[in-house]
Amino acid sequence: MTQQLKEIATKFHGKIEVDLSKAWHFPKGLPGFEEEEEFVILPIGENQQFQVLQSTKEAGVAFVVANPYKIVEEYDFKIDDPTVDLLEVKSPEDLMVLGIVFIKEPFEESTINLQAPLLFQINNRKAKQMVLNDKRYLIKHPIDEKKLDEMKEKTTSGKSE
């Protein structure tokens with residue numbers, strides 16, 4: 001694949017040159033950002049666990065993302081047929097899954113969106129955010145295991161925040 005270099009403005013990296021041949025195409029955009037159809041994934045320093053999903057058009061449209069399976073071991077869901085068709089998925093190996101992370105201060109308060117995973121078809125570079133209808137997963141699922149345990153304790157004891 002031939003490189004297609006372009007300089008873009010980013011939210012966290014300033015102006016940088018990216019290879020558009022490695023961009024991800026969201027045919028329907030993202031919920032709330034339907035006009036944003038092209039993104040690149042950028043590193044966050046040396047950190048391997050977190051990355052940035054950056055729009056190639058709008059510097060302010062960028063999301064910290066992470067592999068949800070490294071945060072929640074038992075994470076699993078079924079991909080609906082329209083998503084399989086849109087992304088042209090032939091097998092599970094065709095997909096990379098990321099979740100949008102909400103970074104908080106202190107970091108232990110940070111959460112990941114498990115209710116709407118980002119699906120990336122690695123062969124054709126198409127992507128989609130799929131909203132699950134699964135009550136096991138939260139939009140703001142705690143990243144820190146202790147916070148998750150505290151939250152479960154409050155829920156089972158009848159207390160709520």
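What you have open is a predicted model, where local features need pLDDT of at least 70, side-chain atom pairs count only at pLDDT 80 or more, and totals for chains, interfaces and linings use all residues. Residues are numbered from 1 along each chain as its sequence is written, and side-chain values use heavy atoms, with hydrogens and water left out.

Is alanine 23 buried or exposed? Its relative accessible area is 0%, so alanine 23 is buried. (Buried means under 20% relative accessible area, exposed over 50%, and partly exposed in between, using a 1.4 Å probe and protein chains only.) Now show its neighbours: leaving out residues up to four places away in sequence, alanine 23 touches Glu38, Phe39, Val40 and Arg125. Contact here means heavy atoms within 4.5 Å.

**Next stop: arginine 125**

Click on Arg125, in the loop between β9 and β10. Arginine 125 isn't a glycine, yet has a positive phi of about 65 degrees. Follow its side chain to the end: the charged tip sits over the ring of tryptophan 24, 3.9 Å from the ring's centre. To count as sitting over a ring, NZ of Lys or CZ of Arg must be within 6 Å of the ring centre and within 35 degrees of the ring normal. For another example, select lysine 140, which lies over the face of phenylalanine 102 at 5.7 Å from the ring centre.

**The hairpin**

Back to the strands on either side of Arg125. β9 and β10 make a hairpin, with four residues between them. β9 (residues 118-121) pairs with β10 in the antiparallel sense, over four bridges; two strands pair if DSSP finds at least two bridges between them. Which residue stands opposite leucine 119 in β10? That's lysine 128.

**Rings, rings, rings**

Show the aromatic side chains. Searching the whole structure turns up eight aromatic pairs. Rings of Phe, Tyr and Trp (its six-membered ring) pair if their centres lie within 6.5 Å; planes under 30 degrees apart are stacked, over 60 edge-to-face, and the rest tilted.

Pick phenylalanine 26 and phenylalanine 120: their ring centres are 5.9 Å apart and their planes are at 85 degrees, so this pair is edge-to-face. The pair links distant parts of the chain, 94 residues apart: phenylalanine 26 is in the loop between β3 (24-25) and β4 (38-44), and phenylalanine 120 is in strand β9. Phenylalanine 26 counts as buried, at 1% relative accessibility, and phenylalanine 120 is buried too, at 0%.

Now jump to tyrosine 75 and tyrosine 137. This pair is also edge-to-face, with 4.7 Å from centre to centre and 75 degrees between the planes. Both tyrosine 75 and tyrosine 137 are buried.

**Into the core**

Stay on Tyr75 and widen the view. The largest nonpolar core has 19 residues, and Tyr75, Phe77, Val101, Ile112 and Leu119 have the most contacts inside it. Such a core is a set of buried Ala, Val, Leu, Ile, Met, Phe, Trp, Tyr and Cys residues joined through side-chain atoms within 4.5 Å. Which strand gives the largest share of this core? Select β7: three residues come from there. Apart from this core lies another, of 13 residues, including Phe39, Leu98, Phe120 and Ala127.

**Last stops**

Select glutamate 7 in strand β1 (residues 5-9). At 55% relative accessibility, glutamate 7 counts as exposed. Then look at the peptide bond from glutamate 105 to proline 106: it's cis, with omega near -5 degrees. Proline 106 lies in the loop between β7 and β8 (111-112).

Finally, colour by pLDDT, the predictor's confidence in each residue, from 0 to 100. The chain averages 90, and 89% of the residues score at least 70. Over residues 154-161 pLDDT stays under 50, and the model has two contacts for them beyond four places in sequence.

How values were computed. Helices (H or I, at least four residues) and strands (E, at least two) are DSSP runs, numbered from the N terminus.
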